[in-house]
Amino acid sequence: MNPYQRVMNTLVGQPVDRPPVFAVLGAYGGRLTNTGLRAIFSDASAYVAGQRALQETFGFDLVMTPFIFTAISEAFGGVTAWSDDQVPNMKRPGARGPVEALALPLPNPLVAGQLSVVLEATRQLADLYKGQVPIIAVVPGPGIMPSLIIGMEQWMETVLFDEPLARKLLDHTAPFFISWANALLAAGADCLVVTEGMATAEIAPRSLFAERFLPLLASTFAQIPGPKVLHHTGGSMNHNLDLLPGLDGLVGVAVGSKDDLAEARRLIGPDLNLIGNLDNLSFPALSADAVYSMSQACLRTAAPSGHYILANAGADIPLTTPSENLLAMRAAVTDYPAVRGHGS
């Protein structure tokens, strides 16, 4: 059973030889190939070389397209802050506020700067791994997308104090979210991980998400014909899990490290996949034995009922994480007894 078959079987509740395991490793590929972060996120071939090195070294059940949201802020006129030891961040947004953002034209993802690099890397990954290893693309959700154009503080101020203007901006940017997601699928991505900050407890209460952002997810997801996983962006999402089943194309939900994994299963029901729960921010300081034990604990809790993929809970695993810890995470699933879908 290859990684693609293992993941696809898990998603639909069919038998697998072992639970799949994901690790969010974009920048880490540069560490293995001795390539600087600016180079691997600016050169599709350099990025793909990093993913190949990761696959050969650790054998996780995915390869990832470049996880670089600053490519989107740049496409809207923003400026990126580069670092040697962490993924790039937005230095300055492209618009000073929502009114200015509404005047910006939507970028064409096929030709816009770094977005075209992401698409080219996706095509190269598809040439190498299609049907062998799942190709996962990460996109910011439609509710959090405006924060990449005007900054998080401006966006939250608009959401909380000027609802009509917030709706206008969401209506303006939603077509870009749809076109970007569909461009990634057309380039060869097998599944989209949609990181929706407005679904997390740390950013928005359940009532705000249910009233204003869940309908946006429903309307945009219906226009993206591919499997999708909703991700918590590093926060907690159990408070909204019962609202999510039925979203078009939703095959799974990423569980935050602060979320109770058993409670997550109860809330979301038996048929949707749960992914994650490992606190990747603790990885650099932990021993390999501790990572192994944490991974086994997640598996004992969630794997028996099927529909579970072991994974780190946040964004990129820190570059200072010892490789032994990643190998321990990988070994935990190898040592776990083979499971069958739906716990049969």
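Rings of Phe, Tyr and Trp (its six-membered ring) are taken as a pair if their centres lie within 6.5 Å; planes under 30 degrees apart count as stacked, over 60 as edge-to-face and the rest as tilted. The model is predicted, so local features need pLDDT of at least 70 and side-chain atom pairs count only at pLDDT 80 or more, while totals for chains, interfaces and linings use all residues. Residues are numbered from 1 along each chain as its sequence is written, and side-chain values use heavy atoms, with hydrogens and water left out.

**Aromatic pairs**

Five aromatic pairs are found in a search of the whole structure. Select Phe67 and Phe69: this pair is edge-to-face, at 5.1 Å centre to centre and 65° between the planes. Phe67 is buried, with a relative accessible area of 15%, and Phe69 is partly exposed, at 21%. Here buried means under 20% relative accessible area, exposed over 50%, and partly exposed in between (1.4 Å probe, protein chains only).

Next, select Phe76 and Phe176, another edge-to-face pair, with 5.3 Å centre to centre and 85° between the planes. Phe76 lies in the loop between helix 5 (70-75) and strand 3 (79-81), and Phe176 in helix 10 (residues 163-187), so the pair ties together parts that are 100 residues apart in sequence. Helices (H or I, at least four residues) and strands (E, at least two) are DSSP runs, numbered from the N terminus. Both Phe76 and Phe176 are buried. Then display Tyr28, Phe58 and Phe60, which form one aromatic cluster.

Move to Thr158 in helix 9 (residues 152-161). Thr158 is buried, with a relative accessible area of 6%. Leaving aside neighbours within four places in sequence, Thr158 is in contact (heavy atoms within 4.5 Å) with Pro98, Ile150, Glu163, Leu165 and Ala166.

Switch to a cartoon view for the open sheet of eight strands, whose order is 1-10-9-8-7-6-5-2 with parallel pairing. Strand 1 (21-22) and strand 2 (63-64) stand at the edges with a single partner strand each, so one side of each is left without a neighbour in the sheet. Two strands pair if DSSP finds at least two bridges between them. Strand 8 (residues 250-255) and strand 9 (residues 273-276) pair in the parallel sense over four bridges; select Gly252 to find its bridge partner in strand 9, Asn273.

**The pockets**

A pocket is an open set of points on a 1 Å grid over the protein atoms alone where a 1.4 Å probe fits, with protein on both sides within 12 Å along at least five of seven lines; lining residues have an atom within 4 Å of a point. Grid points are joined across faces, edges and corners, and a volume is the space filled by probe spheres set on the points.

The largest pocket holds about 1000 Å³. Of its 41 lining residues, select Phe67, Phe69, Thr233, Ala315 and Asp316, which lie nearest its centre.

The second largest pocket has a volume of about 170 Å³. Its lining includes His232, Thr233, Lys258, Asp279, Ala315 and Asp316.
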